[in-house]
Amino acid sequence: MSGHHISSAKFLWGVGISLFVLTFLTVAVTWIQIPEPWNVVVAISIAVVKALIVAAFFMNLYWDTKFNVMLFIMSVVFFGLLIGITLLDTMYRTDPIPSF
């Protein structure tokens, strides 16, 4: 790495306040009457945005080399692939005890 980026306190406070607002929105999703599958989709999408903000600014990926950004994206893709393979396996199983 050629140099380090030092963020100002004003910028970090802005990022922290935006994370707080997004956390409040995530909680507010539970109070709003959204149909059943969409409330989880909205809450998870807000959580993904919060994770991207943390990765970009608190982990300094925004100012880092593109190789580290590529490693982060590939790790997220690999994690999604593993979750997808697991869900494919569990979707087609029969219940071992059908009474439950």
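Let's start inside helix H1. Its buried residues are Val-15, Leu-19, Leu-22, Thr-26, Ala-28 and Val-29. What do they pack against? They pack against helix H2. One caution before going on: this is a predicted model.

Now the helix itself. H1 has 23 residues. At 1.5 Å a residue, they should span 33 Å. The end C-alpha atoms are 33 Å apart, so the two values agree.

Step back to the whole chain. How many helices and strands does it have? Three helices, zero strands. From the N terminus on, the order is α-α-α. The radius of gyration is 19 Å. The globule rule gives 13 Å for 100 residues. The chain's value is well over that, so the chain is more spread out than a compact globule. Along its principal axes, the C-alpha trace spans about 60 × 35 × 15 Å.

How much of the chain is buried? Of its 100 residues, 14% count as buried. The accessible surface comes to about 8,400 Å². Carbon and sulfur atoms hold 76% of that surface. Then the contacts. Take those with a separation of 6 or more: 55% of them join residues 24 or more positions apart.

In soluble globular proteins, nonpolar side chains tend to be buried together. Here, the largest nonpolar core has six residues: Val-15, Leu-19, Leu-22, Val-29, Ile-46 and Ile-53. Which helix gives the most? H1 does, with four residues.

Val-15 then touches Ile-53, Phe-57 and Phe-58.

Next, H2. This helix also has 23 residues. From first C-alpha to last, H2 reaches 33 Å, close to the 33 Å expected at 1.5 Å a residue. Which of its residues are buried? Ile-46, Lys-50, Ile-53, Ala-55 and Ala-56. Note that a lysine is on that list. What covers them? The cover includes H1 and helix H3, residues 66-91.

Now the aromatics. The structure holds six aromatic pairs. One of them joins Phe-57 and Tyr-62. The ring centres are 5.6 Å apart, with 45° between the planes, and the pair is tilted. Are these two residues buried or exposed? Phe-57 has 21% relative accessibility, so Phe-57 counts as partly exposed. The cut-off for buried is under 20%. Tyr-62 is exposed, with a relative accessible area of 54%. Both rings also belong to a cluster: Phe-11, Phe-57, Tyr-62 and Trp-63 form one aromatic cluster.

Last stop: Asn-60. Where does it sit? Asn-60 is in the loop between H2 and H3, just after H2. Its phi is near 60°, a positive value in a residue other than glycine. Why point that out? Because most residues other than glycine have a negative phi. Asn-60 is partly exposed, with a relative accessible area of 29%.

To recap. The chain has three helices and zero strands. After H2 comes Asn-60, with its positive phi. Thanks, everyone.

How values were computed
Residues numbered from 1 in each chain as written. Predicted model: local features only at pLDDT ≥ 70, side-chain atom pairs only at ≥ 80, totals over all residues. Heavy atoms only, no water. Core = buried A, V, L, I, M, F, W, Y, C linked by side-chain atoms within 4.5 Å. Buried < 20%, exposed > 50% of the residue type's maximum accessible area, 1.4 Å probe, protein only. Helix = DSSP H or I, 4+ residues; strand = E, 2+ residues; numbered from the N terminus. Contact = heavy atoms within 4.5 Å. Expected span 1.5 Å × (residues − 1). Phe/Tyr/Trp six-rings, centres within 6.5 Å; stacked < 30°, edge-to-face > 60°. Rg over C-alpha atoms; globule rule 2.2 N^0.38 Å. Areas by Shrake-Rupley, 256 points an atom, 1.4 Å probe, with all protein chains shown as cover. Lists of a residue's contacts leave out its neighbours within four places in sequence.
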